[in-house]
Structure formats: structure tokens, C-alpha cells
Protein chains: 2
Amino acid sequence: MSSLIYLKQKILKITSTIFILLVAIFRCSAKEHPCLVMTAKGMSEVRSGDKAPLFEAAKEQAVKRIELALKEPIDVPTPKDMGGGHTHEQHKRNYVNMHVAASLYQIDGNKKYADYVKTLLFEYEKIYKDLPKHPSTRSYARGKIFWQCLNDANWLFYTAQTYDAIYDYLSKSERKQLEKNLFIPFADYLSLENPRFFNRIHNHSTWGNAAVGMMGLAMGNDDLVQRALYGFQMSEKDANAKDNDGGYIFTDGKLKAGFLAQVDNAFSPDGYYTEGPYYHRYAMTPFMVFATALKNNKPELKIFEHNNGVLLKAVNALIYQTTMSGEFYPINDAQKGMSLSAGSVVSIIDITYGLSGDHSLLSIAELQNKVTLDQNGYLTALGIHQGKAKPFNKKSVELSDGGDGDQGAIGILRTKTQESELSVLFKYPSQGLGHGHFDKLSFMMYNGADEVLQDYGSARWVNVDQKSGGVYLPENKSWAKQTIAHNTIIVDRKSHFNGKYKNAVDAHSDPYYFNVTDPTFQIASASDTNAYNDVDLHRTLFLVNDPSFGAPMLIDLFSANSSNEHSYELPFQYMDHYMASEPRIESLPAKQLGEKHGYQHIYKEGEAKIIADNYSFNWFKDKNFYSITGSSSSGDNLILARLGASDPDFNLRRDGLMIHQKSGQKNVTFLSVIESHGHYSPISELPTNPFSQINGVKVLFESDAYCIFLVEHKSGKTMQICFSKQDTKPTSNHSVNAEGVTYNWSGTFNKIKIQNGHKTN
Amino acid sequence: MSSLIYLKQKILKITSTIFILLVAIFRCSAKEHPCLVMTAKGMSEVRSGDKAPLFEAAKEQAVKRIELALKEPIDVPTPKDMGGGHTHEQHKRNYVNMHVAASLYQIDGNKKYADYVKTLLFEYEKIYKDLPKHPSTRSYARGKIFWQCLNDANWLFYTAQTYDAIYDYLSKSERKQLEKNLFIPFADYLSLENPRFFNRIHNHSTWGNAAVGMMGLAMGNDDLVQRALYGFQMSEKDANAKDNDGGYIFTDGKLKAGFLAQVDNAFSPDGYYTEGPYYHRYAMTPFMVFATALKNNKPELKIFEHNNGVLLKAVNALIYQTTMSGEFYPINDAQKGMSLSAGSVVSIIDITYGLSGDHSLLSIAELQNKVTLDQNGYLTALGIHQGKAKPFNKKSVELSDGGDGDQGAIGILRTKTQESELSVLFKYPSQGLGHGHFDKLSFMMYNGADEVLQDYGSARWVNVDQKSGGVYLPENKSWAKQTIAHNTIIVDRKSHFNGKYKNAVDAHSDPYYFNVTDPTFQIASASDTNAYNDVDLHRTLFLVNDPSFGAPMLIDLFSANSSNEHSYELPFQYMDHYMASEPRIESLPAKQLGEKHGYQHIYKEGEAKIIADNYSFNWFKDKNFYSITGSSSSGDNLILARLGASDPDFNLRRDGLMIHQKSGQKNVTFLSVIESHGHYSPISELPTNPFSQINGVKVLFESDAYCIFLVEHKSGKTMQICFSKQDTKPTSNHSVNAEGVTYNWSGTFNKIKIQNGHKTN
């Protein structure tokens, strides 16, 4: 080799080393893009990695969408309409399209997608500086593009990610122009100019914080990032205003604001979101997306470890709160049918899988059958394609409510049956803010995906024009929130807290005992002393799945104690179709049952007077036979009722309910066994086990401290349960004498099975 | 080779040749077994052929069943109980088990299965000769093993096949003993001793004929076969008796009996079974099974060509009468949910595939996901395994009713939509015997598998103890059969034929016009002059699927003409959930709507007085939005009603219906457009097309001879249809002058689309 050639090579080597160093320095100072949820490294793996079918499908769908959009004229109309109207829907379409197009640009580098985004962004840049507030005055915090800041925040939330994805495609001056005329004013409007929207603990603010923060990260503007993380100072006046839902902006007028405060306050330590999973699913997106962006840009915050790693706990909590088919239990204001397949949950699952690599999340993603158009979606799709999916174990769980976990809880009990799963959500948390219902100690029960005893959900058709455009209907308040719409005790036909939010907002029920260590005998127990002034309620649910005793069943032990006489009613929302009962229910002409507290919405369609010490009620729904066997006293009534009265706009479903009524008593105990025992196929026309397996139930002894009761199976076997109602210490010894027999046990409960007078297995 | 060895081989060869010849001769004289549905040749192919997964699954299930049965003690109890009781169910289990075990013996030659059958048969042999009639006296023809001959015939029907399958396993003397003491007396009892059961045209007799005939074929007893094919002489007295359903044994006292007469009389020339598909599915089994046995043993009968090959037409007709998901349209007395997946249809499809090799039947078998345990099931499974399945084209079709095809018809219209299929069953046949409903010119409409406008079906839970053991409930007569339970005109709140079977049994509606050659514009038209003494009804359905006009829709043109004034009501059984209407329906406290003809079962829950010339009605069901847009006159009413009144045992579903009412008029026309136009996902929470696409409808001209009307789309396009009501000749020219405009056309109808006053495409 000649020395000249040697020299040339040497120079080349040095030059390239310098170049690499320069690039590295440049990268350190002027951040790499994308850097929010997508990262440069992550997206390079997407481009070079193996194909993953579910991701390819997402890409194909996105290409189809954007190719269609490219054929349409650019449309950035002057804001005018409410949700459903043209300008609202078009601006929504625009920010989604920009985000999808920018993602496609990241995936395949096709510049036409980036160019489409650029064109749209500059259209917004052109109009934004002169935009007044949106003409509609319906919101406490009006937006500029949309009628409320929340939607404007959605725009900025997605557009921050969009901008980040095409950042390198734009020239420096283009970026400067967009940031100066559009992004910074936009972020300032959402924050500084709307403190009531931005600066409080509320899911609206979470969107605002995340939007402003992510735009800050994308732009490298730390001022915006700090504002997003910690909020900003504001006046007293703003702090005492109310929001659209009637809630106060600040709980105690204290300045608690910004994203980190949201993470501290939105969830209980178990990750429970106080409004319930329907709202949790929606609120979770800005948490997870902004947190991921913070992890990628401010790892020192350790955001996913913040507040004991509550964000990831909240993801699990969300999944736990679903039926076997992945639908959310419809507690509080919730439209039924919302499920893990919702777009917001797809992004949550993919992000979480990207973080944790937990293969059990892949089975949730399989159920969703969709992935996001970014590196997390790609990894999820790849994991599924590589057969790594494992079942997600939705275990029985108690989730505390309240920022400190001391505002009650919900208990979820599950047990596998031969072909399905029985599950119960038992509700003893706080009110759940403005979306809460008056349903202390209520539960709902499912057989797989089918409702056995329903919670009505909300009286609302979201986004449906025929039903007042999708807002909460009057019957949401007059029926869906009322106690009679649930499966819990109503005293004197008045809802819990007399149906008043202000009485309920600071109260919560009390978890008493939760034990699911024995899968054949799971227990959840809770009490409430707030729903009524002079009545204490205590309910215990036993989910029994003991093959040596019989088919699975739920035992519901519900006592109410008062120093005054009351009428107590326990409704069971069986929906349809009543088959048989003992005593027989006499059919009556439909007659409105009451005037208020929800009773004005139901017709009595039948009644039975009970004289025996047990009643049974058998119904048929979704091809299955169900039964309730309950303890009763002479003078009790069974009322068969149906929704539909006082319903001027036909907003209510015509569902059926059965009410077990006890009148003129101080202390009552409702002991009920609920079974899913049989099936009917209209094809074979053969019923299997159409009747209850239970002969009867009996309360042997009840005091403030104890309850001892029996459940007798048709086989002759009897389950005898001793339960301590005021002491859960495992070491305590209990002794009760009832009708000449002494019962001794240790710990909260004792369960034995008896056959022919002898203890058995 | 030594000559000795050569000689030995020669002798061996000759000996074996003689043996083969002897076997062949023996086979010719003493028939080969099995020979009914299974044949020796067919089953040898099953044993030697490739494995077919669906058949293997059937075998596995059968082995499981019989291995379980082998562990139980043999139980042939003294007959005593009704359906549901022990002796009834045990004898049923016995004949099914014997048939399954004998099939397994044929498939794998395991003698323990044959031995199990033999043991059971000899148990029956032991008791049969001393058995009295069954103690229950509920049947017009009591059996010995069961309460009615029909069930005894089922026993013999399956046991003939069982016997045939293990024939060679039994010794000659064993066979003689069984035939003498069990089979011949059993067959004689069902025929000679029960002429009212055996010797008439009725589905019960078909089972009797097939059972006796197949046992005759299995035994080689031609006397039994002849009796099965042609019936036998009987007395006048027997001939005039009534059966359990109240029908006469003979129509005119004439002796028309035996299997060939059943084939001649059970179906219309198009293969329609007059009671409808729910009963057709059950009745079809003995036809197809015995016919197959006859084909194999008496090919000279050409049974599948008999009566123009009606049996195979009946198979197709049965398939046509199903929704997209394979459920039978529930006309007449029919329990909803019964489908092509029923066991009886599995055997029919497999037999038909075995006969025809038609690959489109394989797609039906795929839907069934089951095959029979014989050579036909094997061939079907093999065909599916080899990927030969082709879609079965369920076309739009008119099926005539009556033995000669002159007793009215049903019309089925179908059209593919973007994601599904709209289908309509239009009913203008005869009454359908004792299981018929009073619903002349009614229709039911489906969106894929979902009901858009329902037929209530029967008020019955087959085999369900809680509901009177599964018999037809009183509400079947008082509601389900009444006209108001259907989608057709009721005059003066009296059911068709005044709700009397005797008035209806000999009447039928009249097909007027059926044209489905244009898939964008299918027409079915029929009239009825019998339902009411002084009212003539004429209804025409147009199923329109013309993309240049809009989304698919059903146009319903229904006129009623009388020389007297009447109140006319047209109900639409929309079920749930009313969303909106124009005019708005005022909600009212539930009030029972009438006292009889089904009106005693419904509550009025709302009403609207119409003053405009159009009304619209929008509802939501199964995640879809539907609308009716109807022509109206000032003074018309819309009544919103709901089932549930006068229902002492809560037997009725709480379904909703809407009634369009026109009072005090002689001649009325109901012109209604019914659309399935939109969808709503509770996951995306986005409605698509929640509102009707139709602006309005208008009748421009109506006389006895013509109707000219318009349907106006929201796009501004109008469809103008001229229809000739009394002349279907394609060559006829028609001219109508209406409001100064002359309309000329040739043939039954003329359809044009108009935009901005000009004809368009």
C-alpha cells in the first residue's frame, strides 16, 4: 500500500470519527426526534424488524384512511358547532388524520404524509392567532377550536405527538413559525388563560397537563414542561368556581395542580379510579402517554415509580374491572358495552407492554385485535405473532378507593364454572364524585359475559342525536342513580343519602373483611353507616364453588339494623324472564309503584305474600336458568316490577326487577342464595338443571356480633356458616349458644358441611 | 416346483373360487347387512378411507357416550311416566344408545358395542309381549313403551337401524326370537292395532310408516314393507276420529295412507311443508331416512324421483326458510332459535349430500359442525376436510303451498347489504293446519340474524317444566296466534277469520306477482279475500337495493278495500327501543288496550295524533338503527304498545309494538318504507347514519286497478313506481291520468328515478 493511499484512508477515518462525534454532540444538545411515545431508536426497529400481522393491518388501515384524506380538500373551518356538528367533527378528524399521517411518515418515510401534516399545521397557524373563544357558552372553560378546552387539549395532545414525528421533516424556520404562532399560544391559552381548566385535580386537567407538557417536550420548551408538571399560581376567585358537572374546582381552595399532583391524587394506592372503570378508561390515556414521554425525556423523574408505581397498578386495576368478555362492570355513570377493546385501552395496553414486556398483556391485545401505530403497537403485534401471549389472570381482588386508600373499596370475586365464570362486583367505596350512584353495598353479578343481576348503568346514549344529542338524560338522575335501580337495600323507599349528592360526597362505606385465599369459599364483607341516618347496613357475599357441596352459588347475607321501625326493600335486577316462584306471584294490572326516588319509574306487575320461612324465585335469561332462594318471614312480600312508568321520552329500558320487602321491623336480615344452575338450548330443546339445587336457607342465630346460618342442598348436605360481624382477628375465639346448641370457632368465620347430622367433607 | 405343490395350490385356488361364489350366491338370496341408511359397501369405505376430523369428533363423542352407558346397569323399566319422567327418558336414552352403539360396532367392529345392544334388545324382548297400553290416557293413540304411539314409532325407527347394523352379529335363532317376540308385535301394534295413528296423512303416521317399513326391510319381511308403503284397509269408524291437535284423521274419509301417499301429500310441489319450517325440520327425518333405505333396497320405486322429486325439493325449501345465521323463520307455531344445526337437519343434510354430492350442502354441514355416525356423515366430513365446501345460495324464492301448489305460497326476498343481508318472509299460504296463525299477508324482516320486525313465534317453552311442562301455553292461542301479534292489517280489532280455526282451515291467500329477476328491485305481491268477510287485502313488498338511489329499503304497499267503514290497524313488531318519531309520541300510563283478539295482552304506553301526510318512526335494536316512514292522513294515530297485560303466569315477553291506525274509512292504503340504515358501537360510541335516508313517501294515485306512488330520498332523488294491481301480463299497456299527469307503462310495474324533475339513473 502506498503511503498516499494510507494517508487518504487515515484522513477518511479521522473525518468520519469527527462526524460521528459531532452527531453525538448535536444529539445531546438538540434532542433526537421523535422522542415522546415514539423514539428514534424504537421506530428504527419498527422499520428494520420482522413483519407482524396485526401491525401490518393497522398500517394498512391507516394508509387507507390517509389516502382517502389526501383526495379531500384541506378543510380547517372557522369554529362554530357543538359535538356532532361539522366544524367540531372536522377539527377532530384533522387532528386524528395528522397524527395518523405523521405516524405513517415515521414508519415508511413517505414524504407525502409529512407534507400533508405540514399543510394542515400551517392552516391552523394561519387562523389561530385571530381566533376568539368558541361561540358556544356551554362550558365553564371554552376552547377556541372546540366548545370546551377539553377538546382543544385533545387537539394539542395528539398534535404534540404529530409535531414530534415530523419535526425533522420541517425546516428550522418552519418550526419557529409554528411554535411562535400556534403551539405556544395554544398551550398558553389552555393553561395560563384557563386556570379553572388546567390548574386543578380533575381528568380534564390531566388532558390539559399532558397536552401542554408533551408540546413542551417536543419543542424542547422547559417552561411548558414545568407548568405541566407542577401547575402555576392562580387567583382565589378562579379556585372557588364550579365545573360543568357541578363539582368544585378545588377541594379546599388549595393549589394542588399539575401532572404529578394528578398522579398522586387520581388513583387509590391500588390503582382504583373513583368514578369507576368507564371513566378510568378515558382518563388513563393522558396519564400513560405523557408518562411515557416523561420516561423518555426526563428519566430522573422516575414517573412510573412515582407514588409507589400507581400508574401501572391503575392499568391492572382497569383490567380487573372487566367481565369475562372484557366489558367494564358498569358501576356509577357508565354506558354498558364499553370494553377493553376501546381505542384508549388499546394504546394503554400497548404502552404498558412496551414498558414491561409482560406477556399476559398480549392476551388482552389479542382480545382487542388492534394495535397502535407506533413502536409499542409493533412490539405488541410482534409478541402475539411470536406466540408469546399468556392468559391474563383476572384474580379476585379488593381495590381500595381514595387517594390514601381509606375511602372504602370495591371487591371483585370470580370463580370458574364448568363452561364459564361467575363474577361479582361488590361496591363499598366512596360516592365516585358527580358520576356516582346512590348504591352503597350494591353488587352486580355476571355469568361469563351475561348479566345475572344487572346494574342499570347510565340513562344515556353517548353521541346519539335522538337522545338529546347524547347527554345524560333526566332519567339518569331520576332512575339510574337512585338506589332502587341497584341491588341493595332501600329503607322506607328513600334512596341512600336521600338521593342528595352533597350528603353523599364525603361519605364512604367500610370494608370489613376480604378473603379469597380459599378458591372454593371467597368472602367479601363491608358495612355502611352513612346511607341512612338511623340504619346500619352490613353485607357479606360468599362466592362458593365447592364441588363436594354442589354447583357454584353466591350467598348474600345482608343485615340492616335500626332503633326505629322501617320498611326494608331489597331489589334484585333480574331483567327477564320470570319463570316460577314459591310462593306463586299473582299477576296484577300494571300500576306505578311510587312517586319519587326512582319508584315513579316502575310498575308493579305482580305480588306474592310470603307466609313460609323461605321463598324461591326462578328466572331465565340468555339461555340460562337462575334462582334466588331467600330466607323470609310471614308478612314479607315479593313484588314483581318493571321499568317504564313516568318516562315521557321513552328513555328507559323495560327491564324487570323483583323486590323482597320486609315492613315494620327494626332489624332485618336478608339471606339469599343466588345460583346460575341451568341451561337451555333452543336447538336441542333440552333444559339441563332448570331448577335450583338449594332446598332452603336458614338463619340460626343473629346478633350485632354474630350470624350463624345454613344452606341446605337438595342432596341433603348442609353448609353451616358461623360469621363474626365485629371481629376479624384470626386468633379470636368465638362461642355462641343458639337454641341449646353451642357453636365454637376461631377467626372471622367457620364453615362446615353436614350430612345426616355428621360433619362431612 | 414339484407337481405335488402345484396340485395343492390348484386345489386351494379352486376351493377359494367356490367359496367366493358361494358367498356371492348367499349374499344375493339372503340380503347383505347393513342395508338401510348404512350399507355394507358404504361402511367398508368408512373403515378403509382417510380420516375426516368432523367424523372422528362424532365417533369420539359416541365412544364417550357409550363407554359411560356401559358402566351403568341395564335399565328397561316398566313404562309409567310422561315426557320428562324417568321411564320415558330412560327408554328414549335406551333407543338412542342402542343406535349409537350399533353404529360404533359398524365403524370399528368392537364386539362389546354389539353385545351391549343385544343385551338391551333381549330385555325389551322379555317384557314386550306382556306389556299393556301405557297407563297415561292423554293420547288418541297410546303407545306401550311411551304414552303415545309417536314415541313408540321413534323407538322402532331407530331400533330398525340398530338391528340392521348388528344383524350379522346375532345368530339366526337370536334373530328369530327377537323378530317373533319383539319386532313383529311392535310393528303390528303401531299399524294394525292403531289405524288412527298409522293409516292417515299426518307427520305422526310418517314416523309410523317409516319405522314399520324399515323394520320390514331389515328383517326381509315384505308384508311389513307393503303395509308401510301403502297402508292397510280400516273401518269407517276409525276414519272419522280426531287426533290430539283436533284435526280429523282423514280429510274426506277416503283411505289415503302409507308412505308413498305421505310423499304425495306432505309437501307442496315446491317442497313447502304447510305447517312451516319448525315442523318441517322434525317431519323431514323419517322421509329422508326411510326413502334412503328404500333406494338401497327397492330401487325400482325410484323414491327420490317420486312426485317430481319432491323430497329433495323439500330439503332445499327447508334451507331457504332460514335467516343468514341458519335459524328458521318462526312462522306459525314455532319456538325461536331452532335452526339448521338441529340434529334432525344434520341427518337430512348428510343423507342429501350422500345422495347428490352437492358441494353447497357442505357449507351447511360446516355451519352445523356435526355429522352423523354413518357413511353419509363420513362422506360429508371428508368433503369438508378436502375443502370442497361451496356457499349455499339462499336465493329469493316463492314456495307454493298445498299438495297441488294452489293453496297460496310464501315469498322470501333477500338482498346483500354492505355487512349483512336484509331478508323478508312474506306469508300468503293456507292456514298451516292446527299450528297455523291468523296472519294473512303478514311478513317478518331480518337484518342478518337480527329481527327487524318480529313474528312473536309460539308462546311455549318446549320441554321446560316451569312452563307447564313445555306444552303450548294458553297465551299461544290468546296472543301468539292472533293477528295483532303479527305485522299485518287488523280490521275492527278482530283477528282474521274471527280467530276461528274452522273458518280458516280451508282458506288461503292468493299469490299475485313475484319477480326477483332484478336484484336491485325484487317484488312479491299477494292478496286475500278470506280473512274478513267484507274486506279485500292486497299487499306488495318491494325489496330495493339500488346503490344509485340509496341504502337498501323495503317498501310495503298494503291496501284494504271494503264497501263498509272500518277501523284499520297495521302493527309493526319493532320490539325495542323506540328512539324518536314525527309526530312525537306522548307517553301515557300503561293501560290495557282491549279485551280480546290479543288486545287484552297489550298495554298502550304512548300515542300520537297524526296531522301530516307522512309519519316517521325510528328505533334501535341489536346495535342498529331502523326507521319506518309511512304515508298518513290527518286523523290517523300512532299507538305505542307493549306486551304484558292479562298474563297470569308471566308467560309473555315484554316486547314493544307500534300500531298505525286509520279509523272510519272504507278504503285505505298503508305505504311504508322500512330501512335498516345505521349502526352504533358502544365501544367507539359513534353512531353511523342514525336517521332515515327517506324524506317522505306519497301515494299519487290509487284505484282498484292501479297504484302510483313516490319515495323521496334525502338526496332529492325520487323513486316513482307505477303498479298494476289486477293484471300481470307482461304485454299489457297501462295508462293512468292523475292530477293532470298521464302515466304510461307496460307490464306489471314501472319504476323510474327522478332528480330535479328529470328521469335519471
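Where is H577(A) found? Select H577(A) to start. H577(A) sits in a loop of chain A, between strand 11 (566-575) and strand 12 (578-582). Now look at the bond that leads into that residue. The peptide bond from D576(A) to H577(A) is cis, with omega near -10°. Keep in mind throughout that this is a predicted model.

**Another cis bond, and a positive phi**

Go to H33(A) and P34(A). A cis peptide bond joins H33(A) to P34(A), and its omega is about -5°. P34(A) lies in the loop between helix 1 (3-29) and helix 2 (40-48) of chain A.

Switch to chain B and select L433(B). Its phi is near 55°, a positive value in a residue other than glycine. L433(B) belongs to the loop between strand 3 (421-428) and strand 4 (442-447) of chain B. Why flag these spots? Because most residues other than glycine have a negative phi, and most peptide bonds are trans.

**Helices 9 and 13 of chain A**

Select residues 203-219 and 277-297 of chain A, which are helix 9 and helix 13. The two pack at an angle of about 25°, and their axes are 9 Å apart. Angles under 35 degrees count as roughly parallel, so helix 9 of chain A is roughly parallel to helix 13 of chain A. Their crossing is left-handed.

Show the side chains at this contact. From helix 9 of chain A, pick N203(A), T206(A), W207(A), N209(A), A210(A), G213(A), M214(A) and L217(A). Colour the contact by class: twelve residues are nonpolar, six are polar and none is charged.

**Helices 7 and 9 of chain B**

Move to chain B and select helix 7 (residues 172-190) with helix 9 (residues 203-219). The packing angle is about 150°, with the axes 10 Å apart. Angles over 145 degrees count as roughly antiparallel, so helix 7 of chain B is roughly antiparallel to helix 9 of chain B. This crossing is left-handed.

On the helix 7 side of chain B, show E179(B), F183(B), I184(B), A187(B) and L190(B). They meet V212(B), M215(B) and M219(B) in helix 9 of chain B. This contact has seven nonpolar residues, no polar ones and one charged.

**Helices 13 and 14 of chain B**

Stay in chain B. Select helix 13 (residues 277-297) and helix 14 (residues 306-320). Their axes come within 10 Å and cross at roughly 150°. Helix 13 of chain B passes helix 14 of chain B in a left-handed crossing.

Helix 13 of chain B brings P277(B), H280(B), R281(B), M284(B), F287(B), M288(B) and A291(B). Helix 14 of chain B brings L311(B), L312(B), A314(B), V315(B), A317(B) and L318(B). The classes here are eleven nonpolar, one polar and one charged.

**A salt bridge within a helix**

Next, K59(A) and E56(A). Their side chains meet in a salt bridge, 3.5 Å from N to O. The two residues are three apart in helix 3 (residues 53-71) of chain A, so about one helical turn separates them. Over all chains, the structure holds 58 salt bridges.

**Between the chains**

Zoom out and show chain A with chain B. How many residues does the contact take from each chain? It takes 50 residues from chain A and 50 residues from chain B. The area buried between chain A and chain B is about 3900 Å², and carbon and sulfur atoms give 57% of it.

Now search this interface for charged pairs. The rule finds four salt bridges across the interface of chain A and chain B. For a cross-chain pair, select E605(A) and R654(B), whose side chains meet in a salt bridge at 3.1 Å, N to O.

**Last stop: G499(A)**

Select G499(A), in the loop between strand 6 (490-491) and helix 19 (501-504) of chain A. What does G499(A) touch, not counting residues up to four places away in sequence? The contacts are F438(A) and H597(A).

Finish with a distance check. K80(A) is 419 residues from G499(A) in sequence. In space the C-alpha atoms of G499(A) and K80(A) are 37 Å apart.

Definitions and conventions:
Residues are numbered from 1 along each chain as its sequence is written. Chains are lettered from A and ligands numbered from 1 in the order in which they are written. This is a predicted model: local features need pLDDT of at least 70, side-chain atom pairs count only at pLDDT 80 or more; totals for chains, interfaces and linings use all residues. Side-chain values use heavy atoms; hydrogens and water are left out. Axes are lines fitted to C-alpha atoms, for helices over the stretch in contact, and angles run from 0 to 180 degrees between N-to-C directions. Helices (H or I, at least four residues) and strands (E, at least two) are DSSP runs, numbered from the N terminus. Angles under 35 degrees count as roughly parallel, over 145 as roughly antiparallel, 65 to 115 as roughly perpendicular and the rest as oblique. A crossing is left-handed if the near helix is turned anticlockwise from the far one by less than a right angle, and right-handed if clockwise. Contact means heavy atoms within 4.5 Å. Ala, Val, Leu, Ile, Met, Phe, Trp, Tyr, Cys and Pro count as nonpolar, Asp, Glu, Lys and Arg as charged, and the others, Gly among them, as polar. Buried area is the accessible area (1.4 Å probe) that two parts lose on being put together, summed over both.
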